[in-house]
2 protein chains.
Amino acid sequence: MEETKPLILITNDDGIFAKGLKELVRAVKDLGEIVVVAPDKAQSGKGHSVTLDMPLWYRPSKIDEEIRAFKCSGTPADCIKIALFKVLDRTPDLILSGINHGSNSSINILYSGTMGAAMEGALHHIPSIGFSLLNFAPDSDFTTAGKYAKEITQKVLAMDKTFQKSICLNVNIPYNDPENIKGIKICRQSAGEWKEFFDERYHPSNRRPYYWLTGDYYNYEPQEEDTDEWALKNGYVSVQPVTCDCTDYKMMNELKL
Amino acid sequence: MEETKPLILITNDDGIFAKGLKELVRAVKDLGEIVVVAPDKAQSGKGHSVTLDMPLWYRPSKIDEEIRAFKCSGTPADCIKIALFKVLDRTPDLILSGINHGSNSSINILYSGTMGAAMEGALHHIPSIGFSLLNFAPDSDFTTAGKYAKEITQKVLAMDKTFQKSICLNVNIPYNDPENIKGIKICRQSAGEWKEFFDERYHPSNRRPYYWLTGDYYNYEPQEEDTDEWALKNGYVSVQPVTCDCTDYKMMNELKL
């Protein structure tokens with residue numbers, strides 16, 4: 001009897017036509033049966049948001065002749081929900097999200113649609129991994145990222161099934177050649193802050209101001225070797241194990257109301 | 001010399017015209033100088049998402065004759081960013097978000113625009129509190145919720161300034177009369193899951209299907225008295241201290257890659 005291949009559900013937040021998604025599919029297609037359910041348009045910065053005020057739709061799309069792929073009108077987290085409860089006829093063994101164009105280290109995980117999708121998978125006890133490359137260019141070279149995406153996916157698929165259910169990983173990959181990566185480092189999320197700058201412009205007709213959100217990131221702990229920012233700056237692939245429990249347990253003990 | 005009143009920034013995710021926002025303003029207006037920067041439309045389910053693909057705008061609006069108020073085209077987290085870096089000329093002493101129409105207990109915190117705004121405040125080291133009432137009706141009675149919002153706000157304003165900087169609270173309030181509330185309980189986030197149901201309908205012209213996201217919530221630990229779900233079911237106001245650090249520290253120790 002032939003063993004059933006693991007079912008791997010893939011999504012992203014840059015949209016189904018992004019290079020990073022195609023490269024992720026290419027990197028892992030030998031590891032299982034792949035189904036893609038990805039947003040029909042870019043969904044960067046959408047975090048874990050879901051669509052409640054509008055209906056959703058999904059339609060067949062094309063990534064590669066051999067892969068079942070669907071584009072969906074919603075956010076990355078919507079894509080996971082509609083995939084699990086509507087598109088797929090069995091529960092996936094693994095969810096992959098990415099490869100994102102740009103970093104999702106430090107507090108960027110909170111804004112990340114890539115990680116919103118992975119965390120949605122984790123809420124349903126499906127091992128989930130978000131991959132991000134530290135380069136925003138649409139035509140980035142994904143050679144290194146694809147190599148590590150495959151390696152980490154293989155390692156997670158080989159894990160004990162019970163342990164696997166707790167796996168939710170935020171993987172960030174430096175934009176280096178493979179030979180200039182020092183290895184994989186398991187990290188915590190760096191503490192940092194975006195100091196925002198609102199770029200003011202004026203509407204051509206009514207002359208009213210509008211603003212583009214931009215900003216500069218400040219790392220509060222650049223020397224801490226257990227953080228993702230340190231790992232990335234020092235040539236490692238950072239892997240942050242992620243929880244969906246937002247409780248501050250330390251504060252639970254200290255707070256009196 | 002007159003002491004400067006604390007500056008309290010208020011937002012929500014139901015939009016600037018929601019009753020819950022007006023009731024929150026009313027409940028706390030004696031406690032400081034209030035400025036409202038809230039979404040111009042409903043933003044439920046937007047989580048911590050931010051607007052990167054479109055510019056933002058904000059305009060004066062009206063809540064109450066005595067209150068400076070602005071409506072903003074973005075998400076709740078955008079409202080906090082634009083308030084902190086564009087609208088306000090000093091850093092607020094406190095950020096309040098809500099009062100949300102509907103619960104944000106358990107995993108709903110991840111989808112919550114109300115809590116996205118509070119967590120955005122916490123990233124900038126400003127004590128931040130999200131309030132939610134366990135009733136979705138637009139004309140809900142906010143008497144109990146307002147009472148507890150005021151009480152908790154007063155207690156947080158009275159805390160030591162250094163300790164305050166770590167305050168990010170997810171407050172949920174049962175829809176009971178004040179005399180039927182047993183008190184305030186500090187809680188952790190319940191583990192649970194939404195089993196989704198996609199309500200399928202058909203476009204009137206092209207007959208293609210579309211789907212409304214609905215679902216049923218399952219509480220995995222209904223007996224655990226330290227959880228927010230237990231507290232709410234048993235007549236307490238639940239207060240979850242929240243962290244923006246998504247690292248799973250237990251998994252950090254166990255994971256080998």
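In the predicted model described here, Val37 of chain A stands opposite Phe70(A) in β4(A), strands being DSSP runs of E of at least two residues and helices DSSP runs of H or I of at least four residues, both numbered from the N terminus. This pair belongs to strand β2 (residues 33–39) of chain A and strand β4 (residues 68–72) of chain A, which pair in the parallel sense over five bridges; two strands are taken to pair if DSSP finds at least two bridges between them. The model is a predicted one, in which local features need pLDDT of at least 70 and side-chain atom pairs count only at pLDDT 80 or more, whereas totals for chains, interfaces and linings use all residues. Residues are numbered from 1 along each chain as its sequence is written, and chains are lettered from A and ligands numbered from 1 in the order in which they are written.

Strands β2 and β4 of chain A are part of an open sheet of nine strands, arranged in the order β3-β4-β2-β1-β5-β6-β7-β11-β8 with mixed pairing. The edges of this sheet in chain A are formed by β3 (58–61) and β8, each of which pairs on one side only. From one strand to the next the twist averages 25 degrees, axes being lines fitted to C-alpha atoms, for helices over the stretch in contact, and angles running from 0 to 180 degrees between N-to-C directions.

Helix α2(A) packs on the sheet and touches β1 (7–11), β2, β3, β4 and β5 (94–101) of chain A, with its direction making about 130 degrees with that of β2(A); residues are in contact if their C-beta atoms, placed from the backbone, lie within 7 Å. Helix α3(A) also packs on the sheet, where it touches β1, β5, β6 (128–133) and β7 (168–173) of chain A, and its direction makes about 170 degrees with that of β6(A).

The two helices also pack on each other, α2(A) and α3(A) lying at an angle of about 30 degrees with their axes 7 Å apart. This makes α2(A) roughly parallel to α3(A), a description applied to angles under 35 degrees, while those over 145 count as roughly antiparallel, 65 to 115 as roughly perpendicular and the rest as oblique. The crossing of α2(A) and α3(A) is right-handed, meaning that the near helix is turned clockwise from the far one by less than a right angle. From α2(A), Pro76(A), Ala77(A), Cys79(A), Ile80(A) and Lys81(A) meet Gly113(A), Thr114(A), Gly116(A), Ala117(A), Glu120(A) and Gly121(A) of α3(A). The residues of this contact divide into five nonpolar, four polar and two charged, where Ala, Val, Leu, Ile, Met, Phe, Trp, Tyr, Cys and Pro count as nonpolar, Asp, Glu, Lys and Arg as charged, and the others, Gly among them, as polar.

Some backbone features of chain A call for separate mention. Most residues other than glycine have a negative phi, and most peptide bonds are trans. The peptide bond from Gly98(A) to Ile99(A), however, is cis, with omega near -10 degrees, and Ile99(A) has its place in strand β5 of chain A. His125(A), found in the loop between α3 and β6 of chain A, has a positive phi near 65 degrees.

In chain B, an open sheet of nine strands likewise has the order β3-β4-β2-β1-β5-β6-β7-β11-β8, with mixed pairing. Within chain B, six bridges join the parallel strands β6 (residues 128–133) and β7 (residues 168–173), and Ser132(B) stands opposite Asn172(B) in β7(B). A cis peptide bond joins Gly98(B) and Ile99(B), with omega about -10 degrees. Strand β9 (residues 192–202) of chain B runs antiparallel to β10 (residues 209–219) of chain B, to which 11 bridges join it, and the bridge partner of Arg201(B) in β10(B) is Tyr210(B). These two strands of chain B form a hairpin with six residues between them, and in the turn Arg207(B) has a positive phi of about 65 degrees.

As to the assembly, 57 residues of chain A are in contact with 57 residues of chain B. The side of chain A that touches chain B receives at least two residues from each of several elements, including α2 (76–87), α3 (113–123) and α4 (143–157), and its residues divide into 33 nonpolar, 12 polar and 12 charged. A rotation of 180 degrees with 0.0 Å of shift along its axis superposes chain A on chain B, with an RMSD of 0.0 Å, the superposition being by least squares on the C-alpha atoms of residues with pLDDT of at least 70 in both copies. The two copies are thus related as by a two-fold rotation axis, and the same surface serves both, in that 100% of the contact residues of chain A recur in chain B.

Conventions
Contact = placed C-beta atoms within 7 Å.
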